[in-house]
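Me: I would like to learn how to read some features of a protein model. Please take them one at a time.

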Amino acid sequence: MTETAPRGPAGPAISFVVPAYNESAFLASTIGAIRRSADPLGRVYEIVVADDASTDGTGALAESLGARVVRCANRQIAGTRNAGALAAHGDILIFVDADTTVNEAVIRAALEAIERGAVGGGCRVDWEEPVQLPWRIFVWTLMTLFGTVHWAAGSFLFCTRAAFVAAGGFDERLYAAEEIWMSRALKRHGRFVVLRQRVVTSARKLRDHSSFHVLRVLGSIVLRGPRSVRKRKGLELWYDQRG
């Protein structure tokens with residue numbers, strides 16, 4: 001990084017990094033929620049949208065909403081997150097998926113966790129759309145597991161820039177579940193927390209794919225670990241619904 005991160009009166013600057021591929025349907029809501037959440041905190045912040053070769057005007061929309069756009073052509077989520085982080089100026093990085101709605105409480109809690117010495121963390125996740133009871137139970141179980149082992153869900157992950165650099169960024173060999181291995185990498189450099197506060201994210205993965213397909217992919221990740229996500233093939237759960 002060649003530029004010095006601007007600092008506000010109440011602490012180091014914050015960079016919200018939003019990876020996006022064909023996200024014009026969600027992006028205005030996501031950016032609006034970030035602004036409504038960050039403005040009351042009195043911190044200097046920026047919103048960086050990493051536009052990964054979108055074809056639906058995502059980049060132009062982000063610019064019209066005041067975000068800084070970094071254009072890349074990875075079609076790989078870990079690399080796109082890293083591209084946004086590399087271009088960001090802040091000492092604190094908050095990664096927010098483009099279909100996720102944050103709130104002031106979760107941003108405030110993340111900053112307080114860092115001020116108390118955490119190097120990073122995640123939070124709980126709720127669905128934006130109603131989902132069937134079996135899926136609600138499954139997600140509750142998954143979030144309980146993530147909270148117990150201190151892993152962040154991909155829709156919201158925060159860390160200090162120093163810890164991000166020390167961890168080597170997101171593992172670009174992975175095409176999915178990169179937040180799990182990033183959580184593990186960050187934990188090697190300090191305390192990693194999972195907040196009680198929640199963000200709201202889209203349930204489109206459940207809407208766009210059969211229950212069998214979702215469970216098959218997630219089961220493969222559990223059983224095979226990183227080997228199951230080192231190729232895009234078979235990972236339509238993350239890549240096909242947006243093109």
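Me: With which residue does Arg 81 form a salt bridge, and how far apart are the closest N and O atoms?

Reply: Bear in mind that this is a predicted model. Arg 81 is bridged to Asp 97, and the closest N and O atoms are 3.1 Å apart. Since Arg 81 belongs to helix α3 and Asp 97 to the loop between β6 and β7, the pair ties together parts that are 16 residues apart in sequence.

Me: Is Arg 81 buried or exposed?

Reply: Arg 81 is buried, because its relative accessibility is 3% and the cut-off for buried is under 20%.

Me: Which strands hold Asp 126 and Arg 198?

Reply: Asp 126 is in strand β8 and Arg 198 in strand β10, so their pairing ties together parts that are 72 residues apart in sequence. The closest N and O atoms of this salt bridge are 3.1 Å apart. Asp 126 is partly exposed at 32% relative accessibility, and Arg 198 is partly exposed at 36%.

Me: How should I read the inward side of a helix, and which residues of helix α3 are buried?

Reply: An α-helix has 3.6 residues a turn, so residues three or four places apart point the same way. In helix α3 (residues 77-87), the buried residues are Ala 78, Gly 79, Thr 80, Arg 81, Asn 82, Gly 84 and Ala 85. They pack against β3, β4, β5, β6, α6 and α7.

Me: How many residues are in the largest nonpolar core?

Reply: The general idea is that, in soluble globular proteins, nonpolar side chains tend to be buried together. Here the largest nonpolar core has 37 residues, and Phe 16 and Phe 156 have the most contacts inside it. Elements that give two or more residues to this core include β3, α1, β8 and β10. Helix α4 gives the most, with seven residues.

Me: Which residues is Phe 156 in contact with, leaving aside its neighbours within four places in sequence?

Reply: Among them are Ile 94, Phe 95, Val 106, Ala 110, Cys 123 and Val 199. Another core, of 20 residues, lies apart from the largest one; Val 17, Leu 93, Val 119 and Ala 152 are among its members.

Me: How many disulfides does the structure hold?

Reply: A disulfide is a covalent bond between the sulfur atoms of two cysteines. The structure holds zero disulfides. Cys 72 is buried at 15% relative accessible area, and Cys 123 is buried at 3%.

Me: What is phi of Ala 53, and what should I compare it with?

Reply: Most residues other than glycine have a negative phi. Phi of Ala 53 is near 60°, a positive value. Ala 53 sits in the loop between β4 and α2 and is partly exposed, at 33% relative accessibility. Arg 75 also has a positive phi, near 45°. Its place is in the loop between β5 and α3, and Arg 75 is buried, at 17% relative accessibility.

Me: What share of the 243 residues of the chain counts as buried?

Reply: The buried share is 53% of the 243 residues. The chain has 10 helices and 10 strands.

Definitions and conventions: Residues are numbered from 1 along each chain as its sequence is written. This is a predicted model: local features need pLDDT of at least 70, side-chain atom pairs count only at pLDDT 80 or more; totals for chains, interfaces and linings use all residues. Side-chain values use heavy atoms; hydrogens and water are left out. A disulfide is a pair of cysteine sulfur atoms within 2.5 Å. Buried means under 20% relative accessible area, exposed over 50%, partly exposed in between (1.4 Å probe, protein chains only). Helices (H or I, at least four residues) and strands (E, at least two) are DSSP runs, numbered from the N terminus. Contact means heavy atoms within 4.5 Å. A nonpolar core is a set of buried Ala, Val, Leu, Ile, Met, Phe, Trp, Tyr and Cys residues joined through side-chain atoms within 4.5 Å. A salt bridge is a side-chain nitrogen of Lys or Arg within 4 Å of a carboxyl oxygen of Asp or Glu.
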